[in-house]
Amino acid sequence: MTHQPRHKGAFVATGMGAVYYTPDITKRELTWRQVFDDATAFRRIYPRDTPTSAADGGSWLMVSPDDRFLFHTVMFGGNNSPAVNAESGMVYVLDIRRLLAAGSRTSCRIDTIAETVRGGAEPDCPALVSALPIVDTTLGGPHWGAMDTFRPVAGGKHFRQTDQVSRVVTSNYFVAPTGLDGDARICMALVDPAGRLTEDRAFRDEHTGRRCVSFDRTSWPHGDTGKANPHGLLFAVADAQLR
């Protein structure tokens, strides 16, 4: 869902690579149109041998609080086969301002094969801002995510919440019995004011030194409970620290 009072739109994503939009979620009867295809983001990362978006495991989808950007995670390219680009999970960012500004008079519609890999032809279609690969060593990839909108104040002792996204975290886990469970890591990406993503290279596992943090471990602060599977994610600040 969008957040600003002047907007009433909503987005949904399929597990088959499509992002749909309806301009007014309050209506009794809704019209949904495809406005983006994950294949366009795959093409940004992999100009050659581009993975397809068929059954790519598109999942977490969220609009930034200022309604500028749409964030989306994708688990893998191609179909549910280890032989087809199993390491091509990603998180990408769309600029959705023109689409929302069109109000109920949206014209964007992905209805040709060319638009699935090059973006929508209509002027109000979302523009791909950034796409960041999340490399996984197993068949799986980023299934869920969360946005960080907190800013430190008072020398870092307190925080205030804003409508600007500074970081995005993703979890590489789905459902183990499906065989698409990922490698049980959470990875961090930095988001600049223009919505561009870069890997947070300082976010590393304290035991292995590897980028991202592994949940495949024995010991935790609450005891030796063994491996965990990271799924839902949240940035949280204690009430006493929030200003």
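Modeller: A disulfide here is a pair of cysteine sulfur atoms within 2.5 Å. This is a predicted model, and numbering its bonded cysteines in sequence order gives the pairing 1-2, 3-4. By this rule the count comes to two disulfides.

Colleague: What makes Cys108 and Cys125 a disulfide?

Modeller: Their S to S distance is 2.1 Å, and the cut-off asks for sulfur atoms within 2.5 Å, so the pair of Cys108 and Cys125 qualifies as a disulfide.

Colleague: Which parts does that pair tie together?

Modeller: Cys108 lies in the loop between helix H2 (97-101) and helix H3 (113-118), while Cys125 lies in the loop between H3 and strand S7 (127-134), so the bond ties together parts that are 17 residues apart in sequence.

Colleague: Why is the disulfide of Cys108 and Cys125 called right-handed?

Modeller: The torsion about its S-S bond is about 105 degrees, and the disulfide is therefore right-handed.

Colleague: How do you know that Cys187 and Cys212 form a disulfide?

Modeller: Their sulfur atoms are 2.0 Å apart, and since the criterion is a separation within 2.5 Å, Cys187 and Cys212 count as a disulfide because they meet it. Cys187 lies in strand S12 (residues 185-191) and Cys212 in the loop between strand S13 (197-199) and strand S14 (213-214), so this pair ties together parts that are 25 residues apart in sequence. The torsion about the S-S bond of Cys187 and Cys212 is about 110 degrees, so this disulfide is right-handed.

Colleague: Are Cys187 and Cys212 buried or exposed?

Modeller: Both Cys187 and Cys212 are buried, and Cys108 and Cys125 are buried too.

Note on methods. Residues are numbered from 1 along each chain as its sequence is written. This is a predicted model: local features need pLDDT of at least 70, side-chain atom pairs count only at pLDDT 80 or more; totals for chains, interfaces and linings use all residues. Side-chain values use heavy atoms; hydrogens and water are left out. Helices (H or I, at least four residues) and strands (E, at least two) are DSSP runs, numbered from the N terminus. Buried means under 20% relative accessible area, exposed over 50%, partly exposed in between (1.4 Å probe, protein chains only).
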